[in-house]
Amino acid sequence: MRFGYVNGKYRAFLIQNVCPVTEEYIDCQYMIENNSVPVTINDKLSAEINGIVRKVIRLGKRGIRIVLTDIDYILNDLSKTK
């Protein structure tokens, strides 16, 4: 778990629920408040979360499962669609 600010509010990022995606699966920016405010986090927090997730993926490839999702299956499926 990692804590950080999302749109100025302190929130938890649950790394154990991570689900990798590629850009082709993202069709719009996530919005709140009746689709009027885009959800944002700062670059530093984004880099920290990306680093943590990359480490979790590397550990998973070594057989150390930390997350609830089947990352190997998802990554294999994503690589097939490229």
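This is a predicted model: local features need pLDDT of at least 70, side-chain atom pairs count only at pLDDT 80 or more; totals for chains, interfaces and linings use all residues.
Asn 34 sits 31 residues from Phe 3 along the chain, and the C-alpha atoms of the two are separated by 25 Å.

Strand 1 takes in residues 2-6 and has a partner in strand 2, residues 9-13. The two run antiparallel, with five bridges joining them. Across this pairing, Tyr 5 stands opposite Tyr 10 of strand 2. Together the strands make a hairpin with two residues between them, and here Asn 7 takes a positive phi near 50 degrees.

Then there is the matter of charge. Side chains of opposite charge can pair when their charged atoms come close. The structure holds one salt bridge, and Arg 2 forms it with Glu 48, the closest N and O atoms being 2.2 Å apart. This pair ties together distant parts of the chain, with Arg 2 in strand 1 and Glu 48 in helix 1, 46 residues apart. Arg 2 has a relative accessibility of 22%, so it counts as partly exposed. Glu 48 is partly exposed too, at 28% relative accessible area.

Helix 1 spans residues 43-61 and is also the place of Lys 55.

How values were computed: Residues are numbered from 1 along each chain as its sequence is written. Side-chain values use heavy atoms; hydrogens and water are left out. Helices (H or I, at least four residues) and strands (E, at least two) are DSSP runs, numbered from the N terminus. Two strands pair if DSSP finds at least two bridges between them. A salt bridge is a side-chain nitrogen of Lys or Arg within 4 Å of a carboxyl oxygen of Asp or Glu. Buried means under 20% relative accessible area, exposed over 50%, partly exposed in between (1.4 Å probe, protein chains only).
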